[in-house]
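Colleague: I have the model open and would like to go over a few spots. Can you talk me through them?

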Amino acid sequence: MATEVLMPQLGESVTEGTIARWLVKPGDYVKKYEPLCEVTTDKVNAEVPSTVEGKVTQLVAEEGDTLAVGALICYIEVEGDAPAPEVKPQATTPAAQLAPAPSVPQQAAGAPAAAKASGKRYSPAVMRLAQEHGIDLNQVNGTGSEGRITRKDVLAFIENGGTAAAPGTVAASPQIAAQTAEEEMPSVQTIAVSAPPVAQPSAPVSRPQPVSVPSYPGDTQIPVTPVRRAIANRMTQSKHEAPHAWTMMEVDMTNLVKLRNRIKGEFKAKEGFNITFLPFFIKAVVESIKEYPVMNSVWAGDHIVLRKNINISIAVATDDALYVPVIKDADQKSIYGIARAVDELAAKTRAGKLTPDDMAGGTFTVNNTGSFGSVLSAPIINHPQAAIVSIESIVKRPVVIDDMIAIRDMANICLSLDHRVLDGLVCGRFLQSVKQKLEAYSLDTSIY
């Protein structure tokens with residue numbers, strides 16, 4: 001009997017993972033701990049190592065499949081094992097739903113070539129549709145005169161998920177029937193695209209469900225990566241479950257700007273990395289959470305969980321995704337300690353080296369949208385936390401002080417809150433506390 005390899009537990013509270021890429025194929029010989037595949041979860045990417053040494057006999061899961069922790073992903077035959085049992089495909093969704101929209105980049109170039117090779121002639125509208133959707137026209141049944149392929153034949157081919165419609169069935173399709181206008185007429189098409197799946201915890205494998213969206217000439221389809229799908233699912237879950245409310249205050253950061261400008265050169269020379277405004281901001285947030293601990297809580301249905309540890313999630317963006325690694329026990333760190341943690345986590349994020357532990361245990365999120373030049377934002381709560389705060393760009397503005405106009409370094413701080421847990425009063429007091437602490441920084445403030 002071959003050894004079963006299961007989806008491992010890749011982190012705290014991680015219940016499933018998506019096979020992003022297989023690194024082996026049936027017949028490959030692998031050593032123990034050699035990576036078998038790359039898995040993406042809603043927290044981190046990781047490699048699944050082989051638990052034994054032997055020959056890979058069968059890949060049960062396909063790339064793109066999302067499996068629960070403990071689900072079978074492949075068989076490895078160790079010397080002396082009996083052959084692995086054959087596993088039938090688990091997909092029960094109709095083929096028309098599972099078939100993804102044809103890949104434009106991979107097939108677009110092939111369509112015109114096939115058309116030319118066959119010696120057939122097609123209308124510009126047919127050629128354009130074939131190129132846009134990467135369709136090999138040799139696979140399309142023509143219902144026009146002398147078997148000519150018409151635009152509605154191609155639309156039917158797309159609607160069927162890339163399967164040639166049986167002759168005579170095109171007119172029976174309501175959607176195609178509604179598009180029997182002249183081929184040269186510009187049109188809005190309805191095509192199948194991948195969308196985030198509805199969570200089905202009990203299902204061993206989940207796949208993106210197609211939805212219909214309008215597509216216009218010249219549009220490009222971008223495949224949804226597992227990371228993007230995880231972000232979409234988490235953001236949707238947060239907006240669906242937590243009734244968001246939002247509030248904002250402006251802060252005079254002039255003294256903090258002076259402090260940071262004075263120490264940044266010496267700090268970089270001494271510590272080897274830059275000191276930014278974010279550690280000062282996190283420190284002020286953490287000290288304010290200690291004054292208002294309900295900010296560090298979670299809605300749990302019939303009760304509210306008040307977290308003891310203050311673990312600050314920080315939003316770190318890469319070119320194609322957003323991650324929220326966690327500064328553990330941030331209330332026990334100095335500004336320098338927070339700065340070092342921010343630098344290390346940001347470097348690991350951009351290098352793709354975050355571990356599940358780096359992403360686990362966050363209790364409150366700080367978002368530095370000011371680094372992008374933003375002056376106002378309404379961040380989505382990092383579910384299941386109760387609130388998220390963002391710091392915006394520091395800009396010089398004229399303000400009135402003692403009935404006189406002064407030029408000050410000003411910034412907005414924005415708070416999104418779960419209104420099931422938090423109300424405006426406590427959030428207003430919390431933001432006021434953060435504001436006071438930020439404005440209290442001076443040239444005498446120690447960062448160690």
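Colleague: Which residue is the bridge partner of Ser390 in E22?

Modeller: Cys414 in E22 is the bridge partner of Ser390. Before going on: this is a predicted model, where local features need pLDDT of at least 70, side-chain atom pairs count only at pLDDT 80 or more, and totals for chains, interfaces and linings use all residues. Residues are numbered from 1 along each chain as its sequence is written, and side-chain values use heavy atoms, with hydrogens and water left out.

Colleague: How many bridges join E20 to E22?

Modeller: 5, and the two strands run antiparallel. Strands here are DSSP runs of at least two residues, numbered from the N terminus, and two of them pair if DSSP finds at least two bridges between them.

Colleague: And E21 with E22, how many bridges there?

Modeller: E21 (residues 395-401) pairs with E22 over 7 bridges, in the antiparallel sense. Val400 stands opposite Ile405 in E22. The hairpin of E21 and E22 has 2 residues between the strands, and Asp402 takes a positive phi near 50 degrees there.

Colleague: What about E12 and E22?

Modeller: E12 (residues 244-252) and E22 (residues 404-418) run antiparallel, joined by 9 bridges. Trp246 stands opposite Ser416 in E22.

Colleague: Different topic. Where does His383 lie, and is it buried or exposed?

Modeller: His383 is in the loop between strand E19 (364-367) and strand E20 (387-391). His383 counts as buried because its relative accessible area is 16%, and buried means under 20% (1.4 Å probe, protein chains only).

Colleague: Which residues does His383 touch?

Modeller: Leaving out residues up to four places away in sequence, His383 touches Arg234, Gln237, Ser238 and Glu241. Contact means heavy atoms within 4.5 Å.

Note on methods
Helix = DSSP H or I, 4+ residues; strand = E, 2+ residues; numbered from the N terminus. Buried < 20%, exposed > 50% of the residue type's maximum accessible area, 1.4 Å probe, protein only.
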